[in-house]
Amino acid sequence: MEPKLLTLWQHTRTGKVKISELADLLSLSTKQTTRYLHKWHEEGWLRYKGGTGRGRYSEITWLKDVEAVYEKRVHEVMKDGKIEECARHLLLDWSRACKLRLVSDFQSRLGYEKDGEDRLIIPRKRPFITTHPLKARDVHSANLVANVYDRLVSVDEHSSVHPALAHSWELNDARLRLYLRKGVKFHDGSPMSAEDVCDCLRKMSQHPFYERMWAPVSAIKARSPYVIDLEFRYPCHYALHLLGIMAASIYKEAGGSLYGTGSFSIVRNDDTKTLLHAFQEYYKERAFLDEIEYVQVPRDFENLYRSSAQSENYETYKVDSDFGFGLIIMNSYRDSDIARDDVRDFLHFQVTKLRQQLREIDARLIPNEQGFLAGISQPYELGEINCPVLRKPLVIQMSEYSRQTAERFREILVRAGCPVELVQVPFADTLDNGINDYGCDIFFHGEVFEMDQKFSFFQFLFGGTSPLQSVLDDCVDMEAWLKRYAMTAVSEWMPLHIEMERFLIETSRAVPLYYSKRSFLFTDDLMDVETRYFGHADFSKLWMKPSF
């Protein structure tokens, strides 16, 4: 099957055509387009009559219903073809009705299969950006990393710390001493040692995104093959929580490959699919699943974790997860009108109008007129503010996920008399570059909490992955604030959070926009589904209830 032929069928009817327009449609040169037309003519799909002279029209006459023929072939492939091949066919340029039929057929292949081994097949709408713990800053990559790499400790939703690769510890004002489990192996079969752990922690502590949070730690030392010390410059009450975040995952680099210690190992990862195998020598209870297979599907494919053992009339249940919050950051450090209080306050008031339209953009967005701390922040109101005089248009940075919201905000600002320009930045670039490199005044940002709210808000403030960093560095003594946090028990952090939140909102440097929730559908024979890091499913204990 040729994708370009199907695209031509969808967008071109029998009659006169211009080769230049067909070339644009198919992303080909005019010579390549003509060759394809001659080829399809010879194969009997269409009749092609070339035009003569400059500006003359050519003519095509369709002889077969390309989509009907292709759809029949795909249904045949789905009977016994490889799952990644089936998924690849869904990405073609189908009509909506045809696509719905094919998706329905494809879903019967997805889910939990038992063919000598237990396998869960999951739709993947885009390839994973990275599989490296230090680089996994988007939620999809982070979910993969969470199931492949383990950390020294785990932190639950109540901010309590539990043993993981470290079975116990001693914490005082001078140091944190960690005792490692014996017999832990990496996915290549090599044993994990204290030196391996120290290498990972040192890389994290020197990484520009995480070095500030490591500021209280003066040294990382292996005291014996299974004992590690983190020595402090001053007391650091959050040291254990820091070791529970994704970036603190323990891994080994060898021969150009990365190996973890988690319940699943990566055996394949490409544009077509990602395949995980259960790690047989996992130091905890081995996963019930043998394989997890992510296959590429269209963007509009339903997020359904399904068992292929189910009938067409399957029952599902929904797992809801808090998915963080959205905000608008005003780059007050920049040498432009955005540095003025009156300009930021005007924009802040306009955000209140934008919140009222969020449900039209995405029903999952809950307008946030309070703050960044769910269940803690209090509502606030602003009086109307007229547009101040500006030297030049304000620049709004957006990426693919924030395009609709940014365009709606531009409309609101233009109606209020405020000139605006939009700059689109690739989503992957926003994960690394923040807002420094694009000369923007206003930034749409979605913050997804990795762990419990208490520590995740701290990570938002002090982790270099947040675009808020440049703003805070310009107006706040961040080193003094970090020391206050470090010397305060994590359980007592909320007053500090509220103080920082109040400053950001009252100075219109960070403006709350929405809370976000995400729902996952699971068929009712998938058991022990739990959401963990970044609101995604933990597959280590997931299993299928057999039918008889």
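Residues are called buried under 20% relative accessible area, exposed over 50%, and partly exposed in between, with a 1.4 Å probe and protein chains only. The structure is a predicted model, in which local features need pLDDT of at least 70 and side-chain atom pairs count only at pLDDT 80 or more, while totals for chains, interfaces and linings use all residues. Residues are numbered from 1 along each chain as its sequence is written, and side-chain values use heavy atoms, with hydrogens and water left out.

Serine 27 has a phi near 55°, a positive value in a residue other than glycine. Serine 27 sits in the loop between α2 (19–26) and α3 (30–42); here and below, helices (H or I, at least four residues) and strands (E, at least two) are DSSP runs, numbered from the N terminus. With a relative accessible area of 64%, serine 27 is exposed. Serine 159 also shows a positive phi, of about 70°, although it is not a glycine. The loop that holds serine 159 lies between β6 (153–155) and β7 (161–163). Serine 159 is buried, its relative accessible area being 11%.

Strand β10 is joined to β11 (residues 227–232) by 6 bridges, and the two run antiparallel. Within this pair, valine 217 stands opposite phenylalanine 232 in β11. The C-alpha atoms of aspartate 199 and tyrosine 251 are 9.1 Å apart, although 52 residues separate the two along the chain.

The largest nonpolar core has 91 residues, and those with the most contacts inside it are Leu152, Trp214, Leu230, Tyr238, Ile245 and Leu461. Such a core is a set of buried Ala, Val, Leu, Ile, Met, Phe, Trp, Tyr and Cys residues joined through side-chain atoms within 4.5 Å. Leaving aside neighbours within four places in sequence, leucine 152 is in contact (heavy atoms within 4.5 Å) with residues including Leu178, Leu180, Val197 and Leu201. A second, separate core of 33 residues includes Leu6, Tyr70, Val295 and Val297.

Strand β20 (residues 394–398) is largely enclosed by the rest of the structure, because 5 of its 5 residues are buried. From β20, Leu394, Ile396 and Met398 point one way, whereas Val395 and Gln397 point the other way. Strands β20 and β21 (residues 420–424) run parallel and are joined by 5 bridges, with isoleucine 396 opposite leucine 422.

Helices α10 (residues 341–355) and α12 (residues 403–415) have axes that come within 10 Å and cross at roughly 115°. Among the residues making this contact are Phe346 and Leu347 of α10 and Phe409 and Ile412 of α12.

Finally, the cysteines were examined for disulfides, defined as pairs of cysteine sulfur atoms within 2.5 Å. A search of the whole structure finds 0 disulfides. For cysteine 387, the nearest cysteine sulfur is that of cysteine 418, 4.5 Å away, a separation too far for a bond. Cysteine 387 counts as partly exposed, at 25% relative accessibility, whereas cysteine 418 is buried, with a relative accessible area of 1%.

Terms used:
Pairing = 2+ DSSP bridges. Axes fitted to C-alpha atoms, helices over the stretch in contact; angles between N-to-C directions.
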